[in-house]
Amino acid sequence: MHSECMTTGLVAAGLVKTYQGTRALDGFTLTVAPGEIVGLTGRNGAGKTTFVEVVTGLVRPDAGQVRICGVDALARPRAARALIGVSPQELALYPAATVAEHLRLFGALAGLRRAALRQAAADIAEQMQLTDVLAKPTGLLSGGQRKRTQAATAMITQRPLLLLDEPTVGADPDSRSSLLAVVKARAEAGAAVLYTTHYLPELAELGARTVIADKGRILDAA
Amino acid sequence: MRLDLSGRGAALARHNTMLMLREPGPVISRLVQPLVLITLMRPLYLTAMHGSGGTIQVVTGMLVMFSLLALSIVGAGIFAERGWRTWDRLRATPARTTELLIGKAAPALALLIAQQAVVLGFGAAVFGLRVPDPWLLALAVGAWALALLSLGATLGAVARSQSELNVAYDIGGILLSAMGGALVPLAELPRWAHAIAPFSPGYWAMSALRGALTGQVAGTLRASAVLAAIALAAGALATWRVSRGWSRSRLM
């Protein structure tokens, strides 16, 4: 793990992003320390997903800065992405590819090879209760299984920063429990976790520091 | 900059090959259709063209038309990634954009070359099509495959809907084939058609392939160079568009 990841996780300051006159981010500032789970909540359109997209380098902000383990994510987006595991808000899976094929692909893209890749895929499948459906195409899975598959692709390697954007929407209680247990374990192992959700009880279950976003700004921290 | 082709690029190429082969219908269709039409149409072309030029015309003409129609396979691959939202998921990984593009393009390029090889091989094996210079023909096939790949990727990247994409492929494929002299030899078309023919990539493909099969080195090189230029221009546009992605915020 990057040496600075022991002391600094995610530091985002003064982020501004405007789309066609609409300010999606308006001075968005947020810090997530190693081992901490930050629960980011707020109404639809508050800027949560735009923030996640900025941190992952999919969207470039008009102003502000993002550092991950001390790495400037705007100047060195690829180096920053190597430190992130991300599960986007909406499902992003190949319907014809199996769960195992997804895990192998995203594990390989994360830099795992051969035996290490096989072991990591088997481990995360077990943790996310996906072992029984490894050979099934994701197009044939239930909503909860798809959500767990997507989260598993984000967590197949031990990344210092986890970005989970509403990972339990549409998931059944079992899927939710297994996912929350893995997220907690990752934070206990030292990962900085940003978890966006509308379900406040989940944040309580995770023991997360709750942060409320509105109109592209952080309103309050509890 | 070092590309990790043994790892990420290879994993993506394997993955995209698997996706293509999981739904083989379009691939089989674009491989079999030209063979059937060549067999059925060859007598007509031989009669109309009074000799062996008919075999070259029917083989290259059907090759160009069905390879243009095979653009739909390339474009659908890009368009599907947009619909599934997987392209932005891939962009959020440590993989370089070039690795993502190579991983996506390599299986499609292999398919486009294989399609041409099957058609030309069929022409040679069944109808005695002569290949005076295999390397010259390989150059023409390669240049045409690259142009097709770039054009297909561009359409897949800029189309707003699947139906828009289908219209572009179906009408565009037939139109560009006809304009380029793939269906009816250019010499038999009216004067105005001669004037607009060079605006069709199909024209340059026909020139390159026919030139290679008749041993015209200079003509083949010139047409292949034009195809390479088309590949570069369309490839640059497709690369620019896919590198921006389709994240939700981009659509606001």
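Before anything else, a term I need: two strands pair if DSSP finds at least two bridges between them. I also remind myself that I'm looking at a predicted model.

**Entry 1: a strand pair in chain A**

I started with strand β6 of chain A, residues 84-87. Four bridges join β6(A) to strand β7, residues 161-165 of chain A, and the two run parallel. Which residue of β7(A) stands opposite Val86(A)? I looked it up, and Leu163(A) is the one.

Next I checked the faces of β6(A). Ile84(A) and Val86(A) are on one side, Gly85(A) and Ser87(A) are on the other, and all four are buried. That leaves both faces of β6(A) covered. I jotted down the background too: side chains in a regular strand alternate between the two faces of the sheet.

**Entry 2: chain B overall**

Then I moved on to chain B.

For size, I noted that the C-alpha atoms of chain B fill a box of roughly 60 × 35 × 35 Å along the principal axes. Chain B has a radius of gyration of 19 Å, which agrees with a compact globule, because one with 252 residues would be near 18 Å. Buried residues make up 48% of chain B. I also looked at contacts with a separation of 6 or more in chain B, and 78% of them are between residues 24 or more positions apart.

**Entry 3: where the chains touch**

The contact takes 24 residues from chain B and 29 residues from chain A. On the chain B side, α1 (5-22) and α5 (86-91) each supply at least two residues. Which element gives the most to that side? It's α1(B), with seven residues. By class, I have eight nonpolar, seven polar and nine charged residues on the side of chain B that touches chain A.

**Entry 4: the core**

I finished with the largest nonpolar core, which has 141 residues. Residues from both chains are listed as having the most contacts inside it, among them Ile68(A), Val193(A), Ala140(B) and Trp144(B). Helix α7 of chain B, residues 134-158, gives the largest share of this core, 16 residues.

Leaving aside its neighbours within four places in sequence, I found Trp144(B) in contact with Ser67(B), Ala205(B), Ala208(B) and Leu227(B). Ala208(B) and Leu227(B) are also among the core residues with the most contacts.

Methods
Residues numbered from 1 in each chain as written. Chains lettered and ligands numbered in written order. Predicted model: local features only at pLDDT ≥ 70, side-chain atom pairs only at ≥ 80, totals over all residues. Rg over C-alpha atoms; globule rule 2.2 N^0.38 Å. Buried ≥ 20, exposed ≤ 12 C-beta atoms within 10 Å, placed from the backbone. Contact = placed C-beta atoms within 7 Å. Nonpolar A, V, L, I, M, F, W, Y, C, P; charged D, E, K, R; others polar. Core = buried A, V, L, I, M, F, W, Y, C linked by C-beta atoms within 7 Å.
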